[in-house]
Amino acid sequence: MIHNKKYNATELETKHGTVTIEGPISSDIIAELEFHEDLVSFRAPAQQHKALIEIAKLPEGRIIIVRDENIIVGYCTFLYPDPLERWSQGNMKNLIELGAIEVIPKFRGTGVGKTLLRVSMMDDAMEDYITITTEYYWHWDLKGTGLNVWEYRKVMEKMMQAGGLEYFATDDPEISSHPANCLMAKIGSRVDNESIQQFDQLRFMNRFMY
């Protein structure tokens, strides 16, 4: 599969100033930009900065960033699912995962997250993919936001819906381990029926076990 990537950008005015939301961004540009020290949700900032550079080099990899002048203050990543997850088992070339989305606390609640998702989906090539995201409550900043799991889940759902992702049921054990966890997905308009059926089989791999 050829992974076409078309750059899109928009400016968003927030109470903390105007930021640029843009992508997919090349690994070279990501390497040149500073990475904000408050981007700590997944790993230490320096390590996460390096991870984004590596993802951007992948044929399917897409990095959309929130840029405050020359500093990355938010981002989201798209790439093939982790080989250890069930979503990779079908070896589907047109299934990609929104692997991480993060915005520094200063810009949360300003519409930055929703705009990240909207810019991500501006590229017409996204209509060729099934885009999934797996939401696990243990990745959420409950302490920093003061929200409970259900309030945070509502925030995440609204943000994902801005990118056209919606709730999909699944029997995946990790997702099923807590009722706040969920699978969300967007099926592109050019995805064929065979791929949709294959995705359905991945969602419910345990249905014939009993």
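This is a predicted model: local features need pLDDT of at least 70, side-chain atom pairs count only at pLDDT 80 or more; totals for chains, interfaces and linings use all residues.
Local features require pLDDT of at least 70 and side-chain atom pairs count only at pLDDT 80 or more, while totals for chains, interfaces and linings use all residues. Residues are numbered from 1 along each chain as its sequence is written, and side-chain values use heavy atoms, with hydrogens and water left out.

In soluble globular proteins, nonpolar side chains tend to be buried together. A nonpolar core is here a set of buried Ala, Val, Leu, Ile, Met, Phe, Trp, Tyr and Cys residues joined through side-chain atoms within 4.5 Å. Buried means under 20% relative accessible area, exposed over 50%, and partly exposed in between (1.4 Å probe, protein chains only). The largest nonpolar core holds 46 residues. Ile-21, Leu-116 and Met-160 touch the most other members. Elements giving two or more residues to this core include β2 (17-23), α3 (112-120) and α5 (149-161). Helices (H or I, at least four residues) and strands (E, at least two) are DSSP runs, numbered from the N terminus. Strand β5 gives the most, with six residues. A second, separate core has 13 residues, among them Met-92, Ile-132, Val-191 and Phe-199.

Contacts (heavy atoms within 4.5 Å) were listed for Ile-21, leaving out residues up to four places away in sequence. The partners of Ile-21 include Asn-8, Leu-12, Ile-64, Val-66, Leu-116 and Val-119.

A disulfide is a pair of cysteine sulfur atoms within 2.5 Å. The count is zero. The sulfur of Cys-76 lies 17 Å from its closest cysteine sulfur, in Cys-182, so the pair is too far apart for a bond. Cys-76 is buried at 0% relative accessibility. Cys-182 is also buried, at 2%.
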